[in-house]
Amino acid sequence: MNDKSQLLKGTLEGCILKVINDRETYGYEISEKLKQQGFSDICEGTVYPLLIRLERNGLLASTKRDSPFGPKRKYYQLTPKGRQELATFYENWLALKNSVDRLFEDYQRGVKDE
């Protein structure tokens with residue numbers, strides 16, 4: 001359980017949906033945005049399979065466009081189902097976060113429940 005990647009497993013899809021919700025974007029840009037937000041261990045090799053799965057599940061739509069820097073890029077946007085999934089993820093995340101925060105609120109002070 002000391003592996004940070006295990007904690008990320010269930011939350012990364014929701015984070016990717018949030019990045020795409022902010023604006024239409026492509027895989028590399030999503031990876032960079034996640035790194036800027038503190039997800040330093042996330043690489044493109046992690047993001048692209050998730051994008052494929054999210055698109056296959058109808059949460060994303062994509063269009064290919066020319067890039068000024070090379071081959072065409074695949075831009076992603078949320079579908080209505082993707083926006084609903086993002087709202088559900090966020091609601092569940094807040095409930096989980098609040099529960100963990102309550103459980104650990106005395107931990108930093110070194111107080112033990114006896």
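Two strands count as paired if DSSP finds at least two bridges between them. Helices (H or I, at least four residues) and strands (E, at least two) are DSSP runs, numbered from the N terminus. The model is predicted: local features need pLDDT of at least 70, side-chain atom pairs count only at pLDDT 80 or more, and totals for chains, interfaces and linings use all residues. Residues are numbered from 1 along each chain as its sequence is written, and side-chain values use heavy atoms, leaving out hydrogens and water.

The sheet is open and has 3 strands in the order 1-3-2, with antiparallel pairing. Strand 1 and strand 2 are the edge strands, each pairing on one side only. Strand 1 is joined to strand 3 by 2 bridges, and these strands run antiparallel. Thr 25 has Tyr 76 in strand 3 as its bridge partner.

| Element | Residues |
|---|---|
| Strand 1 | 25-26 |
| Strand 2 | 60-67 |
| Strand 3 | 70-78 |

Helix 2 (residues 12-22) packs on this sheet and touches strand 1, strand 2 and strand 3; contact means heavy atoms within 4.5 Å.

Helix 3 (residues 27-36) packs against helix 4 (residues 44-56) at an angle of about 120 degrees, and their axes are 9 Å apart. Axes are lines fitted to C-alpha atoms, for helices over the stretch in contact, and angles run from 0 to 180 degrees between N-to-C directions. Helix 3 is therefore oblique to helix 4; angles under 35 degrees count as roughly parallel, over 145 as roughly antiparallel, 65 to 115 as roughly perpendicular and the rest as oblique. Among the residues that meet are Tyr 28 and Leu 34 in helix 3 and Val 47 and Leu 51 in helix 4.
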